[in-house]
Amino acid sequence: MTATIVVGGFWGDEGKGKIIAHIAYSDKPVIITRGGVGPNAGHTVEVEGKKFGVRMIPSGFVYPEAKLLIGAGVLVNPEVFLKEVELLNVRDRAKVDYRCAIIEPKHIEEDKSSEHLKGKIGSTGTGCGPANRDRVMRVAKQAKDIEELAEFLTDVPLEINDAVDRGEFVLVEGSQGFALSLYYGTYPYVTSKDTTASAIASDVGIGPTKVDDVIVVFKTFPTRVGAGPFPTEMPQEEAEKLGIIEYGTVTGRRRRIGYWDSELARYSAMVNGATQVALTGIDKLDKECYGVTEWEKLTPKAKEFIEKVEEDVRVPVTLISTGPELNQIIDLRNEKL
Ligand code: GTP
Ligand code: IMP
Ligand code: MG
């Protein structure tokens with residue numbers, strides 16, 4: 001085993017956190033490393049009734065044996081990072097690449113007061129856009145310039161590539177989702193960076209030849225927070241009738257809900273170079289599937305849907321999530337690969 005990248009296939013919030021936590025427990029990576037934009041992400045992990053929402057620390061933290069590394073491409077808000085380190089008790093294994101660019105209070109203020117970012121685009125207000133701009137202008141501070149981060153600094157690519165060369169398993173997590181990519185998303189209603197698997201590999205410093213698997217996570221009913229096109233969006237009342245109401249992990253905003261988008265799913269799987277697909281929220285499609293852990297126990301409606309997804313994305317659906325808890329999952333990787 002070498003490296004596996006997990007990315008979002010739609011507009012983020014597909015449940016990457018849960019899928020990553022499951023893979024971590026079953027495949028035991030020595031390193032879990034995070035790419036993606038920064039603390040605009042909110043990954044939710046639910047274990048034994050406890051719910052964690054993480055914005056900086058890799059969401060695989062629930063698996064206690066792995067080092068938790070934040071790649072150089074990720075923006076770091078030192079306050080959020082240090083708070084999570086304490087809250088999750090991961091001081092001994094959380095590290096930050098010394099080249100990460102830093103989000104300062106001025107970036108957050110600008111993001112929150114900007115008519116364009118907060119008003120038009122509907123940004124998360126976490127300072128990511130302005131901080132990435134400063135990085136492009138080459139005026140942003142880096143992690144190595146921040147005293148409070150000194151004990152956490154490392155060279156993430158060195159750690160990852162050494163592990164892979166030793167034949168150890170490294171799990172790479174993306175954040176946001178394909179349709180929020182600065183390049184391939186619904187521009188200008190997108191985030192401030194590319195979010196595809198290639199970008200995530202670059203964020204953490206691993207070359208494409210060392211990546212074995214790309215798992216793209218889709219949810220049965222895509223969601224979107226903030227403004228912008230959403231071709232399969234349904235009216236709010238319809239979503240309520242289906243019993244689907246979701247709120248953002250970071251902003252608390254209500255998520256817009258849509259129907260499965262075959263065209264977007266196919267394109268997203270293509271650009272990401274998906275080798276497998278993880279599908280979350282099958283319990284939202286059919287309540288009888290809630291908590292099911294075996295393929296045979298899924299309803300015909302759910303099985304048909306999954307088969308249709310496989311036609312759309314042209315790779316096997318190997319992980320099927322049937323609820324928010326870590327153990328509510330069907331893992332078909334041994335059978336299908
Ligand atoms: P971003 O990096 O912000 O894109 O986050 P994410 O992909 O980790 O997703 P997030 O945690 O923001 O949102 C997913 C939500 O769905 C969370 O509340 C999860 O607990 C929940 N969830 C995950 N899988 C399932 C599932 O199979 N069924 C149900 N009902 N909920 C799920
Ligand atoms: P920004 O990344 O905060 O600048 O926000 C730009 C757009 O991306 C807005 O529509 C946000 O709602 C969206 N966005 C950014 N990060 C996430 C995420 O982790 N999940 C879902 N939407 C996100
Ligand atoms: Mg989220």
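Me: Which residues are the closest of those that surround ligand 1?
Reply: This is a predicted model, where local features need pLDDT of at least 70, side-chain atom pairs count only at pLDDT 80 or more, and totals for chains, interfaces and linings use all residues. Residues are numbered from 1 along each chain as its sequence is written, chains are lettered from A and ligands numbered from 1 in the order in which they are written, and side-chain values use heavy atoms, without hydrogens and water. A residue is near a molecule if one of its heavy atoms lies within 4 Å of it. Ligand 1 has 24 residues around it, and the closest are Asp13, Lys16, His43, Thr44 and Ser321.

Me: How many residues of the shell around ligand 1 are charged?
Reply: Asp, Glu, Lys and Arg count as charged; Ala, Val, Leu, Ile, Met, Phe, Trp, Tyr, Cys and Pro as nonpolar; the others, Gly among them, as polar. The shell holds 2 nonpolar and 14 polar residues, and the charged ones number 8.

Me: Which residues come nearest to ligand 2?
Reply: There are 16 residues around ligand 2. They divide into 6 nonpolar, 8 polar and 2 charged. Those that come nearest are Asn40, Thr124, Thr191, Val225 and Arg253.

Me: How far is a polar side-chain atom of threonine 124 from an oxygen atom of ligand 2?
Reply: A polar contact here is a pair of N or O atoms within 3.5 Å. Aspartate 13 has a polar side-chain atom 3.2 Å from a nitrogen atom of ligand 2. For threonine 124 and the oxygen atom, the distance is 2.6 Å.

Terms used
A polar contact is a pair of N or O atoms within 3.5 Å; within protein, one must be able to donate a hydrogen and the other to accept it, and residues adjacent in sequence count only if both atoms are side-chain atoms.
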